[in-house]
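This report looks at how one protein chain packs its inside. Keep the sequence and the 3D view at hand while reading.

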Amino acid sequence: MLNRIGNIFLRLLFLGIWTTLIFLGLGSFTFQTAIAVVTQIEETPGEVLYRSQTKLDDNLGKVWQVVLFKQVYPGQTSNINLRLVGFPGSAELIHPQPLRITSKTGQIWNAPDIFLDEAPAPTIGQYNFTEILPQLPTEPLNLAIPLPGAKSIDISVPINVVKEWKILLTSNK
């Protein structure tokens, strides 16, 4: 009887250790997660804001909030803008400087800077994507924010975020 209880205890202990190792093993894989969700906000009757928002790391490990948004007003053409917001410790951006977007295949686009003189904060940039977004391929992209000299901050945009951005094109025109 005692031998049987000991045998059951060892099996449960083995099962517990095995389960723990499986969960720890699954957690050790590194993935760059980027969750973007298109949200719709009605600011005033008839005025709708569509937004895809996520956080991505730059090449220096700093976190940026990346927000692509489309403003729809009754009877007017929609504007699509990309706003980049650096968290504390991020580099200060220079205005006006275009944002360089590069595809995996090497195609390059330049998005005009919305802030011609001064941004609301030194780590905020906003760029006009109205003409560029329809041209972008559905593949990973790189955003290059210019800094003084020939330097830049590079942010990799995963394909799932680019797919979210493409949804904005068809959102309530």
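The sections below cover the model, its core, an aromatic pair and a hairpin.

## The model

This is a predicted model, in which local features need pLDDT of at least 70 and side-chain atom pairs count only at pLDDT 80 or more, while totals for chains, interfaces and linings use all residues. Residues are numbered from 1 along each chain as its sequence is written, and side-chain values use heavy atoms, with hydrogens and water left out.

## The nonpolar core

A nonpolar core is a set of buried Ala, Val, Leu, Ile, Met, Phe, Trp, Tyr and Cys residues joined through side-chain atoms within 4.5 Å. Buried means under 20% relative accessible area, with a 1.4 Å probe and protein chains only. The largest such core has 31 residues, and Leu99, Ile101, Phe129 and Trp165 have the most contacts inside it. Elements that each supply at least two of its residues include strand 5 (99-103), strand 6 (108-111) and helix 2 (159-170). Strands (E, at least two residues) and helices (H or I, at least four) are DSSP runs, numbered from the N terminus.

## Phe129 and Trp165

Phe129 counts as buried because its relative accessibility is 0%; Trp165, at 1%, counts as buried too. The two form an edge-to-face aromatic pair, 6.0 Å centre to centre with 90° between the planes. Ring centres within 6.5 Å make a pair (six-membered ring for Trp), and planes over 60 degrees apart make it edge-to-face. The partners are 36 residues apart in the chain.

## The hairpin

Strand 5 and strand 6 form a hairpin with four residues between them. They run antiparallel, joined by four bridges.

Note on methods
Buried < 20%, exposed > 50% of the residue type's maximum accessible area, 1.4 Å probe, protein only. Pairing = 2+ DSSP bridges. Phe/Tyr/Trp six-rings, centres within 6.5 Å; stacked < 30°, edge-to-face > 60°.
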